[in-house]
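Hello,

Here is the structure I said I would pass on.

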Amino acid sequence: MNFSYTKEQLKLKEDCINFAKQELNESIYQNDKTCTFSKENWIKCANFGIQGMAVSPDYGGRKEQLNLLSATLAMEGLGYGCKDNGLPFALSAQMWTVQLPIADFGSELQKQKYLPALASGDKIACHALTEPEAGSDVFSMQTTAKKVDGGYILNGTKCLITLAPVSDLALVFATINPKLGKWGVTAFLVETDALGFSVSKNKDKMGMRTVPIGSLNFKDCFVPEENRLGKEGAGWSITNHSLEYDRCSILASQLGAMECQLEESIKFVKNRKQFGKSVSEFQSVSNRIADMKLRLESSRLLLYKVAWMKSEGKSAMLESALLKLQLSESFVTSSIDAIRNHGGYGYLSENEVERDLRDAIGGVIYAGTSDIQRNIISKLLGL
Amino acid sequence: MEKTIIKHIENELAVEEIEDGLEASDDLLGSGIVDSLGMMKLVSFIEEQFAIEVAPDEMVIDNFMTVENICEYIKTKL
């Protein structure tokens, strides 16, 4: 394992921090209150080259110059500098669960048609896997794709889909034969203006309120054969393939947010005076800061390890489950600690401390709940 | 090759003990002998044991439904 980063990698992280601080921190309090997605910030990120990190230069990106470790550092920088946790989360979702599968499994036509528009920010895409009756048991899906002349007819519903209400394209998973179980799951690229395809309005939620979420409905929606991504039945491995990349990227931005949160806490408790002295001089406060630092650094080690393993082409099933569990739970606990450190000031929304806690809660649910991560870990340990 | 894979599935990956032993023609996922995590572990085992790389788009029913299918697939990669 080698964590000695190159000058270029460290510069990339620094550039992302500066970019985020200068360009992405307007109106977040208001946007969070009103559940407003900023297309303007999405475009700014594309112009800066964020979405292009998952696309090769042939299709308007810069993937060949960046391995996963570099992209992870970049997202950590973005998470540190950007006070909106939702934006890096949404970017990661598109980059690694839509762009990467198209880049790795798509036909030349699909790559030409979709990747440049996604890298440039002109188009937005979502990954549609979860269903009302298929959450953690996601491959028990009921959305069907019936083979017909020239393509497939899709029927079914997808729910809790990040970016759905603002997407132009959806990577949809449907079964071509429910009897085949996981082996029947097939991936399709469906444009959201297709006949028989409807999308719900944005749904209000606890955290990550700047990222729209919604449902997709397919009623006899025809999808041409050329829009099938990969082979019939390859949907299961296509989605698994991107999972570890997506986790690294999402969790990297959360790690950056945790680092920023810790620094803000330290600054606050040093300045805040009670009983004639700085509250940081009370051990109950300073010990809490020490615990936040421990969570941050232990999470960082796991994140860098997984990113390094994936960069080396190694499988990281156990490590990525440990990472997801450790980092997402740590972000929740440290977000509560940050509020405690700030006292009543941290409880008021206008001071933008409590938002981290609301944003962090989603992390223990999406992309595999903490319960599921524990199941995976124990199973991989032979239990 | 077949015996090695069967032994590994029986000893390490099977969700429950297989009473009469695993047959090379048994449907691994369809009959619940291994679950999806077990299938991922099986792919890792095959890659390491036979020094091949299983591309994600090759993880389809034609190649991985039974031990027989897996052996045929591995032979195409050697």
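In the largest nonpolar core, which has 115 residues, the members that touch the most other members are A128(A), L154(A), A170(A), L171(A), V172(A), F188(A) and L303(A). Please keep in mind that this is a predicted model. Helix α5 of chain A, residues 86-105, gives the most to this core, with 12 residues. Nonpolar side chains tend to be buried together in soluble globular proteins.

Leaving aside residues up to four places away in sequence, A128(A) touches K158(A), I161(A), A170(A), L171(A), V172(A), F173(A) and L216(A).

L303(A) is in helix α8 of chain A, where the buried residues also include V285(A), M292(A), R295(A), S299(A), W308(A) and K310(A). Among the elements that cover the buried residues of α8(A) are α4 (68-81), α7 and α9 (317-342) of chain A. Helix α8(A) runs from residue 283 to 311; at 1.5 Å a residue, its 29 residues should span 42 Å, and the end C-alpha atoms are 41 Å apart, so the two values agree. Just after α8(A), G313(A) has a positive phi of about 80°.

Helix α7(A) also comes up where the two chains meet. There, 18 residues of chain A are in contact with 12 residues of chain B. On the chain A side, the elements that give two or more residues are α7 (235-271) and α12 (370-380). Of these, α7(A) gives the most, with 4 residues. By class, this side of chain A has 8 nonpolar, 7 polar and 3 charged residues.

Regards

Definitions and conventions
Residues are numbered from 1 along each chain as its sequence is written. Chains are lettered from A and ligands numbered from 1 in the order in which they are written. This is a predicted model: local features need pLDDT of at least 70, side-chain atom pairs count only at pLDDT 80 or more; totals for chains, interfaces and linings use all residues. Two residues are in contact if their C-beta atoms, placed from the backbone, lie within 7 Å. Ala, Val, Leu, Ile, Met, Phe, Trp, Tyr, Cys and Pro count as nonpolar, Asp, Glu, Lys and Arg as charged, and the others, Gly among them, as polar. The expected span of a helix is 1.5 Å times one less than its number of residues. A residue is buried if 20 or more other C-beta atoms lie within 10 Å of its own, exposed if 12 or fewer, and partly exposed in between; C-beta atoms are placed from the backbone. A nonpolar core is a set of buried Ala, Val, Leu, Ile, Met, Phe, Trp, Tyr and Cys residues joined through C-beta atoms within 7 Å.
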